[in-house]
Amino acid sequence: MANGMMEEKRLEHYPPLRPFQMLSIRKKAKINFKVIYGSESGGTYKRAKEFLNELVEFFREIGSFFKDINRISLCGDNADGGSTNGCLIDTSELGSRLVAYFKSYLMEKEKNKAGLSRESRGKRSRGRMTNGETQHLDIFKNGETESNEHFANCVDIFIENSISTVHIDFTSGNEFDSYSFFENSQEYDLNILLLLLSTCNYGSFPKNCYKIEEILRDLLNDFRVGKNYLENVFYSCVGFGNKQYGSKHFCAPIKECDKILTSLGAHKLYKTVKLCDEEDNDVTLLEWKSSLFKTLSLSLFFYHFDFTKLRSNYVQYAMKKVYNSLKYYCSFFCEKDERDSNGHGEKVLSEVDVSFREESDGAISPNVHVDENKKETIPTNATDEIDSKRRETFNCGSGDEVEDILFDTPKDMLSINQREKLTKEGYKIIGSHSAVKLCRWTKSQLRGRGGCYKHTFYGINSYQCMETTPSLACANKCVFCWRHHKNPVGTQWKWHKDDANMIVEEAIKKHRGMIKELKGVYGIIKERYDNAMNVKHCALSLVGEPIMYPDINQLIDELHKRNISTFLVTNAQFPSELKKLHKVTQLYISIDGPNRDALKNIDRPLFKDFWERYIKCIKLLKKRKERTVFRFTLVKEYNMMSDEILSYAKLVEYGLPDFIEIKAVTYCGSSEGYKLTMKNIPWHEEVYNFAHHLINCKSSITDAYDIACEHKHSCSILIAKKIFKINNKWHTWINYENFQLLVKQGKDFTSTDYCAETPHWAVVGAQECGFNPSDKRVYTKGRNKNRNPDETQRDSPVVVAPT
């Protein structure tokens, strides 16, 4: 203990250092880097690859960093621009200043990258790169290998300069060559392992990273492996997860790796970072990167410009061997970070957004005042202090909720990042937790190009339908969600609550505003455009879980007062709220899985008792008097296996809905939160066959239900109770005026009291296949592309299910 304190003191308070000069550099440092990613949907992979680019650039510019370190270390480069007699500041302040320096450096690089990306977009499309644009990984294409269809590894990246030779491998956890890395660690001056792992269902490792768990566990449980087996390895961990799954599951993979690596004697470069995908993590990631670069640059700086030669009169001979080790300097600055973070001052100069100004002589100095005695940042104004506290909440390292750490009152549901992402996708945000968006079928029917399946099945005018939600939060993270998980999640309402009347008024106002934007668009039918300003229907299914909103009943009543019909969709996770729900025009339950395992895999629910809640909601539906619907979203390889039909039939018997909508999942392209591909999308014939098998698998279902309608253009089938087949004609449409009258009278009524006859073109088997003949079908792709709609043959053979 005493020796350790003496070593720390020797480094922290040493005699004056001569100005920077290229002394004879000892042999090049050999550094071995392994960057390991574990990613399901691509978000973590993207972050890891961005950092790989930054890491490559860091080592390419290490020489210029050394010069800046020398300038920053001299007390003459203080905030006042004054000059001293050439002494150095201590390592605590030097480290803090370097963290701020690298923050400034990385932010400037990101800013330049964004500008270059905009300027060179056209040139890149023609195969040319703009001067100065950094594409480091392109240099190493020979070492790039495909991990799977989404991810590519980069191996054998070599960066050599006068200071170091760096070998970098970038691979998934399953392809990490652990033996060569761990066993050959003595061949390198520094061995660094960086792990960036996402969290899968209930704290499990991603599919492309589960082997690293096996590797580490095997090492931990092997009696032949000593407790200091990884003493030559330095590591840092970054985990990605969601706090709503509970502290036990939040970033569980990275916590497990961190624990095992520490147990095997590896040295932690920086505290383990656990990031919540609902929060703005840019500040935390910037802090992590800057701290790593600070540690690496300082370690190389002291190692290469030979501390023993610079201090030959001061360093004892016995200590020269210690100071000749790059590992020693890296250990010192890592341990110092840990001591400082647990000490009185805690993270010097890292709690505020430190900016630097370039002095006339090239020196860089921070625009903050530092108390040399306490080593604390003194904010220049009150705003800095508030911002400092707010930034501490960006890291979801604990199981505590962010609002519990900082705020006593409820916060807004949406973070700035979430609001920006949803707005970019076309959502019009209402207040703090609601939104409205214009459906593509609304625009389509305004142009006379057909309406959505609700028009075919229930008689909704798509151009008079408003799609909105009073709660952007949801209790599931479904794999097929076309919102790509940019909305928040939660199991209970814990946010600021907006007034229901305000939400309705703003939703209608913003919806009309989006309709007005279509004025002048080619093909808009004026009569429909005028009528579209009179909203007649509201689909409470935009995104999130509408019945989470505490005042959902007031919102429903307000819509009915305005003669707006209500179509509400719930994911069957809130039975208590469903039981108290006022009558709506049509009530949906999403039936995404026939059993516990299937539902868990496809919905990825937050509730631990998700299956019990699911069944309770289904059974509650049986007691509802208004029109009720089961909505099936079919996803190949997830929930439409033939051996699951009987399980679905059992759920139908539990709920006895009036209708069963069976629809193919909609493909929404690729993104960080969406991992389906076209192979998961069923054809219309497959959806029809599924419906056919469902109604014929049990006599109780066959006696009560039959296929009534189809909308081939959206791969949708409607199964209806036979009580809606009156005088041998289907009555799946809704008499909306009659419904509003029944609601205003406050009488008890049933689903058959406001049904209306279904037109012939909407019935299954019609040659129109659910497309309203008053509209014109326009083909934008396929064999009918660019053909005149009048010449296009819309008749297609009736689908006959196999017996």
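## Strands β21 and β22

Let's start with a strand pair: β21 and strand β22 (residues 716–721) run antiparallel to each other and pair over 6 bridges. Two strands count as paired if DSSP finds at least two bridges between them, and strands themselves are DSSP runs (E, at least two residues), just as helices are runs of H or I with at least four residues, numbered from the N terminus. Within this pair, I707 stands opposite I719 in β22.

This is a predicted model, in which local features need pLDDT of at least 70, side-chain atom pairs count only at pLDDT 80 or more, and totals for chains, interfaces and linings use all residues. Residues are numbered from 1 along each chain as its sequence is written, and side-chain values use heavy atoms, with hydrogens and water left out.

## The open sheet

Both strands belong to an open sheet of 10 strands with mixed pairing, in the order β13-β14-β15-β16-β17-β18-β19-β20-β22-β21. At its edges are β13 (428–430) and β21 (705–711), each of which pairs on one side only. On average, neighbouring strands here are turned by 25° against each other, direction ignored. Helix α18 lies across β13, β14 (434–437) and β15, and runs at about 165° to β13. For such angles, axes are lines fitted to C-alpha atoms (for helices over the stretch in contact), and values run from 0 to 180 degrees between N-to-C directions.

A hairpin is found elsewhere: strand β3 (residues 152–160) joins β4 (residues 164–172) through 3 residues. These two strands pair in the antiparallel sense over 5 bridges, and the bridge partner of F158 is H167 in β4.

## An enclosed helix

Helix α20 (residues 552–561) is largely enclosed by the rest of the structure, because 7 of its 10 residues are buried. Buried means under 20% relative accessible area, exposed over 50%, and partly exposed in between (1.4 Å probe, protein chains only). The buried residues are I552, N553, L555, I556, E558, L559 and H560. What covers them includes β15 (465–469), α18 (500–516), β16 (537–540), β17 (565–570) and α27 (736–745). After α20 comes N563, with a positive phi near 60°.

## Two crossing helices

The axes of helix α22 (residues 596–603) and helix α23 (residues 610–621) come within 10 Å and cross at roughly 100°. The two helices are therefore roughly perpendicular; angles of 65 to 115 degrees count as such, while those under 35 are roughly parallel, those over 145 roughly antiparallel and the rest oblique. Here R596, L599 and K600 in α22 meet F610, W611, E612 and Y614 in α23, contact meaning heavy atoms within 4.5 Å.

## Cores and a buried loop residue

The largest nonpolar core has 85 residues, and F632 and I662 touch the most other members. Its largest share, 8 residues, comes from α23. Such a core is a set of buried Ala, Val, Leu, Ile, Met, Phe, Trp, Tyr and Cys residues joined through side-chain atoms within 4.5 Å. Beyond its neighbours within four places in sequence, I662 is in contact with residues including F632, F690 and I719. A second, separate core of 62 residues includes I31, F151, I157 and L196.

F724 is found in the loop between β22 and β23 (725–726). This residue is buried, with a relative accessible area of 0%. Leaving aside neighbours within four places in sequence, its contacts include R627, F659, W730 and C755. F724 and A708 are 16 residues apart in sequence and 9.3 Å apart in space, C-alpha to C-alpha.
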